[in-house]
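Please walk through this model region by region, keeping the sequence beside the three-dimensional view.

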Amino acid sequence: MERPEQCPGEPDSQPRANGCSLTGYGALRNGYVRGLPEAETQIHHIAHNGGLYKRPFNEAFEETPMLVAVLTYVGYGVLTLFGYLRDFLRQWKIEKCQHASEREEQKDFVPLYQDFENFYTRNLYMRIRDSWNRPICSVPGAKMDMLERFSHDYNWTFTYTGRVIKDVINMGSYNYLGFAQNTGICKEAAAKVLTQYGAGVCSTRQEMGNLDKHEELEKLVARFLGVEAAMTYGMGFSTNSMNIPALVGKGCLILSDELNHASLVLGARLSGATIRVFKHNNMQSLEKLLRDAIVHGQPRTRRPWKKILILVEGIYSMEGSIVRLPEVIALKKKYKSYLYLDEAHSIGALGLTGRGVVEYFGLNPEDVDVMMGTFTKSFGAAGGYIGGKKELIDYLRTHSHSAVYAMSLSAPVVEQILTSMKCIMGEDGTTFGKECVQQLAENTRYFRRQLKKMGFIIYGNEDSPVVPLLLYMPAKVSAFGREMLKRNIGVVVVGFPATPIIESRARFCVSASHTKEILDTVLKELDEVGDLLQLKYSRHRLVPLLDRPFDETTYEETED
């Protein structure tokens, strides 16, 4: 058999992926390789003909060990059995019942609470509820102060001791570039504007809430993104949920990545458009849906779709993966559809100058029809934006519910964004912003590399500052959070239903404000906790996160 043509930029000995051939290894699926030797686990994902990617695209999702998966299911099974036992004891008044339930006179009405959700909350979630909603009482910088609390009734209620836990290392906030601080030029600029404009605007942009600062910010955002125009909003979540319904409606088709954020999902559902979901970052799945949409048209009538809109994110906040934007744009052009890119986590955090995933791949911003992002992460502020053609922005100013009815950004928040964005762009006369972007990239690679060396299973792209560390078992979710807090490190743990039931995890967010000493401290404690809780599951077997055979039943479709 003739040897396949070599992909550009790859040595002969390196297995090829994502459209390029692989010889002598396991089968290729979804652009990943199963069962590679440990020494060759770094895979450069190069697109067809090697022309779409201008840089290596290293992304890995390690297979869940079978024993760990079985034990995780067993753990949930045992908790469920004990939950039913406790419910039996509560029914006979042997154990005190503290859960919310309908009164007797409400029994004939539609129930307010779903049975399983109520069961899960009182019997599983309550056991580990102390891992969430911990109040902090300082800025979310590299270190933070946290209020101490305890519970006398197994996490049903909490009591605050009044003591403040000082200098907890913050590994959970989205403060990617370190601008969320109470010192420096951003704080001074925001404080100055506060004395002039006040804290609130008390009106919408279309009434009395349109400040000169808003106009200045929108021009700066457009320049930063490299687009014709931009519009800002007071809330990042509503930027998605309220603008997607303004862009598509009945007779339109939305193709959404299955791991898209809840704001994108809500916006798609509110639009009234038909929704079909493609497998995460799977270009074969997306192209199949696009081809079927073109060939078959709308259900029943077979009329062409009015619009086809592809919804993707720059960085997926639970997986740490980066969208395969060059391939998405190639498919969008091929099938004449539109692209909506959510850069909430990638703007400021990716790219040589912090301009997001578009710059990261060296692409033209004009190839993205709707560029959405938020100011809540890299800029240390609040709100969101949409950038694109001037016609798009003019349309949204009059048709977006978030623009017409929502309060506009307060002036101090706007000034925080202006100052931090100018710093990133170098317009403040310093190189501090560029240094922060470079520091974040170095911290990210260092932190990920060390975790892999220790034997933890981590998901995502090597350049993603979102670092999910797999915990799997429900008991280890709470134990991990508690053990890290004992060591003065604040982490975010996530479990079912926010993740698949066997993929509970801790999610670290690396920041440019983290020094090497801070990261080394965290890594040292992680090494100790990993041994204590036996979390070092890695066997260096790379597979896709969602490695399931694709067929027409794997996506959801909502029709009129």
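With which side chain does the side chain of Ser402 make a polar contact? The partner is the side chain of Ser238, at 3.3 Å, where a polar contact is a pair of N or O atoms within 3.5 Å, and, within protein, one atom must be able to donate a hydrogen and the other to accept it, while residues adjacent in sequence count only if both atoms are side-chain atoms. Ser402 belongs to helix H11, residues 401-404, and is buried, with a relative accessible area of 7%; buried means under 20% relative accessible area, exposed over 50%, and partly exposed in between, computed with a 1.4 Å probe and protein chains only. Helices (H or I, at least four residues) and strands (E, at least two) are DSSP runs, numbered from the N terminus.

This is a predicted model, in which local features need pLDDT of at least 70 and side-chain atom pairs count only at pLDDT 80 or more, whereas totals for chains, interfaces and linings use all residues. Residues are numbered from 1 along each chain as its sequence is written, and side-chain values use heavy atoms, with hydrogens and water left out.

Another enclosed element is strand S10, residues 338-342: 4 of its 5 residues are buried, so the strand is largely enclosed by the rest of the structure. Strand S9 (residues 308-313) runs parallel to S10 and is joined to it by 5 bridges, two strands being paired if DSSP finds at least two bridges between them. Within this pairing, Ile310 stands opposite Leu339 in S10. In the loop between helix H7 (283-296) and S9 lies Arg300, which has a positive phi of about 70° although it is not a glycine, and which counts as exposed at 66% relative accessibility.

Tyr154 is also a residue other than glycine with a positive phi, here near 60°. The loop that holds Tyr154 runs between strand S4 (143-150) and strand S5 (159-170), and at 72% relative accessibility Tyr154 counts as exposed.

Turning to the surface, Met66, Val70, Val74, Val78, Phe82, Leu85, Phe88, Trp92 and Ile94 form a nonpolar patch with about 950 Å² of accessible area together. Of these residues, Phe82 is placed in helix H1, residues 66-91, and counts as partly exposed at 47% relative accessibility. Patches are made of residues with over 30% relative accessible area and no salt bridge, like charges being joined within 9 Å and nonpolar side chains (Val, Leu, Ile, Met, Phe, Trp, Tyr) within 5 Å; a salt bridge is a side-chain nitrogen of Lys or Arg within 4 Å of a carboxyl oxygen of Asp or Glu. The accessible areas come from the Shrake-Rupley method with a 1.4 Å probe, and for residues only the protein chains shown count as cover.

S16 is joined by 3 bridges to S17 (residues 504-509), the two running antiparallel, and the bridge partner of Val493 in S17 is Ala506. The loop between S16 and S17 contains Pro497, which is joined to Phe496 by a cis peptide bond with omega of about 10°.

Finally, Glu442 in helix H13, residues 432-454, is partly exposed at 48% relative accessibility. Glu442 and Ala512 are 70 residues apart in sequence, yet 8.6 Å apart in space, C-alpha to C-alpha.
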